[in-house]
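Please have the model open while reading this note. The points can be checked one at a time.

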Amino acid sequence: MRILVTGANGQLGQDLVKILEQASHTVIPYDRDTLDITDQAASLEEVQNSKPDAIIHCAAYTAVDQAESDIDNAYAVNTAGTRNMVVAAEHIGAKFCYISTDYVFDGTATAPYHEYDNTNPQSIYGKSKRAGEELVKSLSSKYFIVRTSWVYGLHGNNFVKTMLRLGSERPEISVVHDQKGSPTYTVDLSRFLLELVSTEKYGIYHVSNSGECTWYEFAQAIFAEANSQGGSYNVEVNPCTTEDFPRPAPRPRNSVMEHLSIRTNGFQDIRPWREGLHAFIKELQSSDNE
């Protein structure tokens, strides 16, 4: 397949491009320097010239707190930019895969969210991503909407890297214990995206590593995994509340998403989050030693 990837220099995009190329697909990578997705004419021209079979749209405005005061830019990228890419995809008959987020939910549910539960985003980031979803559904005849959560990987900044850095600098750290979700390793997400776009099983998917934890439990696991693989972190992790760390954008208290579409469409569920974390720590250490 010829697969166009936006956001190719991002945390997910870099792993996705690598995994697609390893599977012998022709990858057409774009980043913000090579394609301005907010320019509709440019987006259409690039897609018409490259003629992909599928577009995996990873590009996004992801600065969650900054979006609260940078509303126009958040919507320009996450909503208008998504519209531009999906219109271009539909113009040439390409499949369209949109990477969305747990932030489309308000986080007040007591059970994991199903794919077709009502959305109710509370932040500008969540609202702009949900608006992108709505445009994908209304403008594409061959779409996958993939909501994911708590993403981390080798490229870019993320919670795992932040914890390891703080753990080497401080004797103790505080991490919120009243928000729960499912960590997602970019390599595992990328492998599923490759499998998904090879099919015609269109619809909405919740894709994360399986299982759930709080941020506090995630932090504890990060240090346990790092130490089990030769690390020497001697840091005390203390639980705290969301109110202890006020942020401009509200966070969903419950980000756990049920993998109903994965199961009902006959896909293999993603491995448990502890296994994904174990693999990532191993990858991180080997990259540090290179």
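1. Basis. This is a predicted model, in which local features need pLDDT of at least 70 and side-chain atom pairs count only at pLDDT 80 or more, while totals for chains, interfaces and linings use all residues. Residues are numbered from 1 along each chain as its sequence is written, and side-chain values use heavy atoms, with hydrogens and water left out.

2. Strands. Helices (H or I, at least four residues) and strands (E, at least two) are DSSP runs, numbered from the N terminus. Strand β1 (residues 2-6) runs parallel to β3 and is joined to it by four bridges; two strands pair if DSSP finds at least two bridges between them. Ile3 has Ala54 in β3 as its bridge partner. β3 also pairs with β4 in the parallel sense, over four bridges, and here Ile55 stands opposite Phe96.

3. Sides of β3. From strand β3 (residues 54-57), Ala54 and Ile56 point one way and Ile55 and His57 the other, and all are buried. Buried means under 20% relative accessible area, exposed over 50%, and partly exposed in between (1.4 Å probe, protein chains only).

4. Ser43. This residue lies in helix α2 (residues 40-50). Ser43 counts as buried because its relative accessible area is 0%. Leaving out residues up to four places away in sequence, Ser43 touches Leu35, Asp36, Ile37, Asn84, Met85 and Ala88; contact means heavy atoms within 4.5 Å.

5. Thr199. Thr199 is found in the loop between α7 (186-197) and β10 (203-206). Is Thr199 buried or exposed? Its relative accessibility is 17%, so Thr199 counts as buried. Beyond neighbours within four places in sequence, Thr199 is in contact with Lys95, Phe144 and Phe267. Thr199 and Lys95 are 104 residues apart in sequence, yet 9.7 Å apart in space, C-alpha to C-alpha.

6. Aromatic rings. The whole structure holds 17 aromatic pairs. Rings of Phe, Tyr and Trp (its six-membered ring) pair if their centres lie within 6.5 Å; planes under 30 degrees apart count as stacked, over 60 as edge-to-face and the rest as tilted. Tyr103 and Tyr125 form an edge-to-face pair, at 5.3 Å centre to centre and 75° between the planes. Tyr103 is in the loop between β4 (95-101) and α5 (124-139) and Tyr125 in helix α5, 22 residues apart. Both Tyr103 and Tyr125 are buried. Elsewhere, ring pairs link Trp150, Tyr152, Phe159, Tyr185, Trp215, Phe218, Trp273 and Phe280 into a cluster.
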